[in-house]
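Hello,

Here is the structure you will be working with. Please open it first, then read my notes below.

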Amino acid sequence: MNIFIRLLKSIDRKFIFIITFFAVVIPMFYPLYLPIIPEDSVRSIFKKIDAIPEGSKILMSFDYDPASKPECHPMAIANLRHAFKKNLKIVIIQLWPFGGAMATEAIDELKKEFKEIYNRDIIYGDDYCILGYKVGGAILIQQSGKDFNGTFMEDIDGKKASEISLTKDVKTIKDFELVLSYSAGDPGIKQWVMIVDAQYKVPVAGGVTAVTAPEITPYLNSGQLLGLMAGLRGAADYETLVNKKYPPFKKYVNSGTSGMDPQNIVHLMIIIFIIIANIIYWHDKKMGLVR
Amino acid sequence: MKRGIPLLIVFFTGMIWLTQYFIPHYPFNKVMNLLSDWMKIIAAFAMVLGILNLLRVNFIKISRKHYNWQYSIILIIALLITIGFGCIQGITENVDTTILVYNSKSNEVISSSIFVAPAIIEGLKNFKPISSEDVEKDGKKETIQKGMMDITTKNGKVVKYTDSNPVKRIIVKDDNSVIETVIVKTGTVGHWIYKNLIEHLSSTMFSLLAFFIASAAFRAFRAKSFEAMLLLGSAFIVMLGKVPIGDVFGKIEIHEKIIISFPSIQVWLMNYVNTAGQRAILLGAAIGIIAISIKIIIGLERTYFGGE
Amino acid sequence: MNISSEIGVWIGAVLTLCIWSFLWKDNFLYKTAEAIFIGCSAGYIFSKLFHESFMAVLWNPLTEGTTFWGVITNPLSKGNAFLFIPFFLGLLMITRLFPGIGWMSRWPMAFIVGLGAGMNIFISLQSSVVAQLHATMLPLVKFHGGVFDMTAFVDTFNNWVIVFGTLCALMYFFFSIEHKGLVSVGARMGIYVLMISFGASFGATVMARISLLIGRVRFLKEVWLGIV
């Protein structure tokens, strides 16, 4: 026992790094394909988007950057798939400087999918548009409740929002059926809930990184937030719901779903690490080595 | 000047903004719009200040040859290159460059640029459209097609345009003759920098945390007290309940609302116990924010003045 | 296996490995990649601000229907002349970099802080205090179709968790009275609630961090090495 404990204590942290790396890599080659049962908070977003009449406008706010792309991007793609399939008109804004690039990337991917599956073109200005980045965060959200086009002014190519067919009739944020925010921090979903839901009564939902999810749950519990996708699991849940309704999307990249395999193993690995560490601790405590 | 005016500005902007919530009519609604527009400009300058400060700090580091000053040179070069190309060329994905206008019936070239015109006409046979759109521009009907094709430049180089970097083909229908304009969408340097440097660097930088959290789990988490045990217990449940493997451990259904399994306990923990704890923190923080905001408006809180 | 032939992908892959080299120890590859990251990110944000903020919010409205010289020589000819005020205030912000006149940056700073304070008072009160308190005021006994069955018991129990959990956690943060007797018990329960909450946060954080690593490994495997 003592030799075993001594061996465990001598483990270098680089060894842990290597184990972590392989715990991520190996399940990618040998996936378990465990079934994913979507959580209620994700189902409610799916139901809401499903119930919005065709041709209605929804607002998507891309409030993340490449650092949190692996978490937020799959959610945004899953939502966009559903919304485009439902023929909803999507206005995209960005409260983070990299949001526009993220949105462009997501839609470029979807254009290919829709062309291949449904022979449909997703057209800029008609199906979606991306408005340019402005600094101001919560102030922008506040102003968009009074004058939407005056707030965001131009799209990423410098075309006036009042001249784009999708946004020219939008007066305020109330003209949207739903606001979806993919957020990795501030400004993000919290500000959308605090202003748009509270003052303009437009339902707000969206996705957050798993780190921020616990601090957003009070808003979900109070009903201020319609639904919430938390981290990669949230994306996997939404992908599951979309793929169930529209099976052709199954064959495309579903990062959330495929990410669950390594996630399973690494979570188990970390739990084992903590247990081993505590065995060492209890052993040392018994031996009087620590207090 | 140094203290009085900022205090007045804070008081008036704060009060005006607060008032428009309660009197959402003229003139307060107009003032709110005006102040928001101003805010967008001033806040943008604040971000510029940050970037200029980054430059200044690194110039100082180089001039005084501080520790690791060589990396500051790399930083400044990277910054200036990105700003230079970004501001001149733009940072969005594509820039339209008209390369050829020709009459596709008679194969008569009206204008062309750096590309070999016959090669383009030839290349159009292999044009694979991605999307197509009919538009009316200045009374003329146009079909805009985006697609993939290879084009030969005048120096003999073949450039492949793919779905991520497509060719735009505009067919103008004019008096039964067809005039086509082929536009090549070239990526900007700014976009290239974003796609190949920033995106990878940024996400890799944060992926390091995965290794450190694994190492911390092994080295730091000890159930030294009952509180620590609660923390670890709830962390275990969330970690197992949040991934599909949690379902593998089975479930015991006592009642339709009482299901004992990792995912259902995780959902319950998140929705009730976690909500209670986070709500307390949220309430405390919100009251704190309100108090500090009032202090700022009436001039009792002046730390935003900075030093001096 | 179909290794990418795109130079951009190779650069991305090499930079990824450079950053990961930090796991071995701090080295010049990591530091170089870090410097490129900071420089390029700041430059990109600046360019983005230039095109999408300054041009859209300031320059285009000022020059609308006039020329560059029109704006310079006759600034008040248009209704947008008001925009010179924030432009001036914005320029004052830059004075922060110059020690002698740095105090001038307090004016634009005061504007931003004032606006933020005015907004925070209202939105925090409305959606974080009133709405959250409203959501905490739940019935302590709940009936299901007029009877107290198992469903009603579960709902009642959950309501107790929310109501007393929040109260106890608030009690822990309440330092105006000494934590003795009932208050002490409440505060202790509060710590337990908070600990469970922090545990949940830790679990979620693990999930988040691993997701980032998965994203990177997937890039190396699928995009760079072409193993699908």
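Buried means under 20% relative accessible area, exposed over 50%, and partly exposed in between (1.4 Å probe, protein chains only). This is a predicted model: local features need pLDDT of at least 70, side-chain atom pairs count only at pLDDT 80 or more, and totals for chains, interfaces and linings use all residues. Residues are numbered from 1 along each chain as its sequence is written, chains are lettered from A and ligands numbered from 1 in the order in which they are written, and side-chain values use heavy atoms, leaving out hydrogens and water.

Start with Phe143(C). Its relative accessibility is 54%, so Phe143(C) counts as exposed. Phe148(C) has 43%, so Phe148(C) is partly exposed.

The two rings form an aromatic pair (Phe, Tyr or six-membered Trp rings with centres within 6.5 Å; planes under 30 degrees apart are stacked, over 60 edge-to-face, the rest tilted). Phe143(C) and Phe148(C) are edge-to-face, with 6.1 Å between centres and 75° between planes. Over all chains, the structure holds 40 aromatic pairs. One aromatic cluster has members from chains A, B and C, including Phe17(A), Phe211(B) and Trp20(C).

Next, charges over rings (NZ of Lys or CZ of Arg within 6 Å of the ring centre and within 35 degrees of the ring normal). Lys14(A) lies over the face of Trp24(C), 4.7 Å from the ring centre. Lys85(A) has its charged end over the ring of Tyr118(A), at 4.4 Å from the centre.

Finally, confidence. Chain B averages a pLDDT (the predictor's confidence in each residue, from 0 to 100) of 85, and 88% of its residues score at least 70.

Best wishes
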